[in-house]
Amino acid sequence: MVMLPFNYPFIADEIVLGPEHQAFYNDYVGSGSVFFLARVIRYAGGLPDNSFRAQTGRQVLFFADLFEGGGLLIDASGPSPKPETQGLPGDGGTPGRHHLTGAWSPLPGGAGGTGQPGREAGRSGTPVTIMCREIRNLRVSAAGGTGSQGGQGGRGGNGVEGKIVRPGGEPEIAEGSRGGPGGSGGPGAPGGAAGKIVTISVAAPQDCAMDGSGGPGGPGGPPGPRGKDGKYALDELPGPNGSGGPAGPVGTAVAPEIYTLSEADYIAGLRPHLGAYANHWAPFRLSMGEWHYRRFHSDDGSSEGALAVVELDRALELQYDNRRANQLREQLLGLPVTDPESGRAVWTGGGLNVLGLPRNLDLLPKFQDYQEAYVQFADLSLGLFSTTVDAELSAEQQASLVHVAENQIGQAQQVASEAKRQQEISAKELTQARDEFDYRQAELARLNGEVNAALEEMEKEKMKVGGVFTTVAAVAGAVISVIGAIPSGGASLVAIVPSLMALSKSVVDSAGPIAHELFKGKQPPPTEAVSKAAQQFGKQAQDLVKAGHTIADFIDVVNKIGDGITPDNAKHAGLVKEAAVAAHALLLSQNDVAIAELRAKSAEATAGEANQLVASITDARNEISNSVVSLRQLALQSLAVALSRMDVILDAAFRAQRAVEIVTRRDETRSIAFDSGMIHPETQRRYWEGRVDGATMLRELQDAWGKLLLPATLSQHFLQVTGDAARDHDVLRLSINDPALLADFRATRTLRFMVDPAPRGRLEAKARNVAVALVGARTRTGTISSEITHGSRYEQRIGGSADLDADMLLERTSTRLTDVEPLDASLVSDAEFLHTEPDALAFWGRGVGGTWTLAVPDDEASNQKLDLTDLAEVQIWIAYQFLR
C-alpha cells in the first residue's frame, strides 16, 4: 500500500493501542506533533512491557471522551545513553625510568590522567498531552534521560624493573620502582530535563501515576588502575588506584499539570489544543454520528441512538456551525424550547429517521406503488466506485480518470436536482402543517365552547371512569383544564413519545378529584416510557419533560372516556371524548409544525450539500492527476454520490413500510436498514490513508448494498390483511333521521357522528369505501359532491373486546358523489364497492372507529342549488373489512 506523503492525525472511533499505533508514532515524518483522536482510547495488551514508547522527542497528544489505560505505561522518558557517548578515558601515566648516568636510582611511574566528562547530557523527556473527559488506570513517564558516564581515569605508569647485579661476584639487587597512581574517573554528564505531562479532563483522573522527574546525572567514570610495580620495587609504598569520578547533576524536574475543568471550559479548550486537526476530526465524528443514526432502531435497546447524539454533539463542539451535524441532531432530538418556569430546555419535534421523515408518517397506504418504485431504483450499479478503484489498481491514465469524474458529475447533478425538488416539497408541507394547526385550533375552540355550553346538562348525567363513578360534567371539567393549558404550555406533548402528554400541577389540580383516575396510566406507568425513550438518546426523563409535570397517556385517557359512554350519556359524553381527541390532535399538529420546520431546514441543508458535492467533483476533475491521493479522493466522492442516491431508494422503502404499518398495525421498524450503502467511516478513512486497499473497499461496499433487500415479510404482512381468506367484508349502514340532527344539518350542512370501532363486535374493522345519500334533498342535477371526513383518531378492536387500538394520524377527507335518492341495496354485494384499492378512500385500511364528519362545501351547495327543506334521512354506508 502507498501511504499518504504528508502528516495527518490518527483518527478512529475506538483506538485499542497496539503495534499499529506504535508504528504510526515511530514512522511519523516531517515536523509537528503526533495526534491520536478517538471517542475511546484503551489498552488491552499486546505491547512489549505494556509500554507505548514515545521517546523521539516528538510530542504525543491523545484526545478522547474516555482513556482507559488498562495499566499501560506511556513511556515518554528520555532514552538511555548509547555506550559510545561515555567520556573518553584519562591519559596513562608515564612509565618509571632511571638515571642514565651515575648511580642506579629508578624513578616511579607517573600518575594516570583524569577521565574525560560524559560526552552527552541526558535527553529530555517527550511532552505528553492527554485531553479526555475521563482518564483512568494509566501511567505516564516523561522523566529526563540519564546523562552519559564519565570516562575512566587513566592508568598509572609502570615502575622500572629491578635487576640482580654481581659487581664483586656476590649477587646484589638493584631495586626497581613502583608503578604510578591511577587517574580519577571523569564526571558524569548532566541528566535530561523532564518533558511536560499535561492532562485535561472533566472528571479527575483515576488510578493514574505520572512521573515528571529530572533525569539522573551520568555516573562518574571508574577509577584508573595504578601502574604495575617494577621488579624488586621494595623501598616505597605502592601507588594507589585512582578515585571514581563524580556523578553529573540531576536534570530539571517538571511537575505534571493536571487540569480538571467544567464541561463548558473543556469544550472551549478543544479547538485551541487541536489546531487545524479540529477540522479533520469534526467530519469524522459527524460521519460516525450519521452511522449510528442510520443503525438506530427505537425498539432494539441498543446504544445506537445515544451514540448518535454523542457523536453529533462532539462534531458541533469542534465545528459549532456544521449545518449537517445540526440538521441530524435536530431531526433526532428536536428543537429546544426554554421552559419559563425552570429555565431548562425541553425538546419539541424530533424522533425523525435519518431521511428526515417522522416515524409515524401518514400516507395513503399504496404499498404496491412504493414497492414498484423501490424495485425500479434499487438496481443501481456500483460502477462509479469500482471503476475508480480499478483505475487505482491498474494505474490508468489521466484521461480515463477524467471520464470517471465526468460520470460522477452527472450523477451528482441528478442528486442535486432531486434535493431541490425535496426542498420545494418540504416548503409546501410546512405551509400545510401550519394551516392544519390553525384549523385544529379553531376546531378545538368550537368543541370547547360546546362543552362549556352543555356543562349544566352534563351535571345530571352519570359516568364511570375506570373504577370511579362521577358525572359527565366532572370529566368535562378535567378535559377543559387540559384545553385551557395548551396555549401556556401547561399541557404539552412528549414529542419523542407522542401518545403521552405532560400536564402541569396546576392543570391536574384544576381538573378536580376525577383527575387522578382519568390521568393515571396503565402498567407500566407512562413515566417509564418517557425514561426509556430518553435513555435511547443518552438523556434523562427531565430533558424531555418539564419538572413536576404529570405524564398522561392520552390514548388511554380517551379510551377511558369512551368506555364510560352509555346510551343515557352518549350525546354529551361523546362530545367530551371528541374534545379530548381534539386537544391531543392540536398538540400533535403543533408538533407536526416543528417537524415540518425541521424537514424544511433539512431539505435546505441537503440541497446545499448536493450542490457542494457537484462543485467538489468538478474541482477534482479539473485538478485530477495520477497521484494515489487523487484516485482515492475520487473514489470516496463516488461513495457520497451513491449514498445520496441510496437515500432515494430508502425513502420508497420506508413509505412501503409505513403503508404496511398503517394497515396491519404491526411494528415493522426493523424491516428497513437505513445504513444500507454506507461503509463504516473508519474503513473509508483507512482507505484514504492507504491502510486499506481498493479490493477491500469493494467488498465492504457490496456488503453494505446487500442490506438493501426489501424484506419479503413486508409484502406478506400486507397481503395477510388485505387479501387473506380469513378476512371478510361487510357494510355498516347508518341511517340518520333524528329531527334535531337533521335540523342542525339543514342549518350548517355539517353532520358529526361517531362510529363504533367494532361493528357488530367484529375485530380489525378497517374502512374500504363510503357511499352517501341525502334522501329527500333537491339539487340542480339530482346529485351533489359531499365531503366525508374521518377524525385523526382511528379506532378498531384487536385481539378481543377489551383491546381498543387507536392510531393517531392525520384527519383525512374524501369527496363522494352524493345522490338524493336512497342508496341501492345492491351496494352491499357490489364487489367494486367492497373490494377496493388504497386510492379509493383517503383513509382506506384504517380503523373505522372514531369521529366522522359529513359536510357539503358552501360553493358546491351554491352551485348545485342545494335545498334541504324536505331532507328526510342521511344515509352513510361504510364498506369495511374485518377479521372473521
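Predicted model: local features only at pLDDT ≥ 70, side-chain atom pairs only at ≥ 80, totals over all residues.
1. Helices and strands here are DSSP runs, a helix having at least four residues and a strand at least two, numbered from the N terminus.

2. Is P89 buried or exposed? P89 has a relative accessible area of 52%. The cut-off for exposed is over 50%, so P89 counts as exposed. Leaving aside residues up to four places away in sequence, P89 touches G115, Q116, G151 and Q152. Look also at R155. P89 and R155 are 66 residues apart along the chain, yet their C-alpha atoms are separated by 9.1 Å.

3. Now turn to D65. This residue lies in strand β6, which covers residues 60–75.

4. Next, a helix pair. Two packed helices are described by the angle between their axes and the distance between the axes. Helix α3 spans residues 278–295 and helix α5 spans residues 323–333. Their axes come within 10 Å and cross at roughly 25 degrees. Angles under 35 degrees count as roughly parallel, so α3 is roughly parallel to α5. The crossing of the two helices is left-handed.

5. Which residues make the contact between α3 and α5? From α3 come L286, E290 and Y293. From α5 come R324, A325, L328, Q331 and L332. Sorted by class, this contact of α3 with α5 has 5 nonpolar, 1 polar and 2 charged residues.

6. Last, a sheet. Strands of a sheet pair through backbone hydrogen bonds, either parallel or antiparallel. An open sheet of 3 strands runs in the order β19-β20-β21, and its pairing is antiparallel. The edge strands are β19 (491–493) and β21 (550–553), and each pairs on one side only. From one strand to the next, the twist averages 30 degrees.

7. Zoom in on one pair. β19 and strand β20 (residues 500–503) pair in the antiparallel sense over 3 bridges. S492 has A502 of β20 as its bridge partner. Helix α14 (residues 554–563) lies across β20 and β21. Helix α14 runs at about 60 degrees to β21.

Key: Residues numbered from 1 in each chain as written. Heavy atoms only, no water. Axes fitted to C-alpha atoms, helices over the stretch in contact; angles between N-to-C directions. Parallel < 35°, antiparallel > 145°, perpendicular 65-115°, else oblique. Left-handed = near helix turned anticlockwise from the far one by under 90°. Contact = heavy atoms within 4.5 Å. Nonpolar A, V, L, I, M, F, W, Y, C, P; charged D, E, K, R; others polar. Pairing = 2+ DSSP bridges. Buried < 20%, exposed > 50% of the residue type's maximum accessible area, 1.4 Å probe, protein only.
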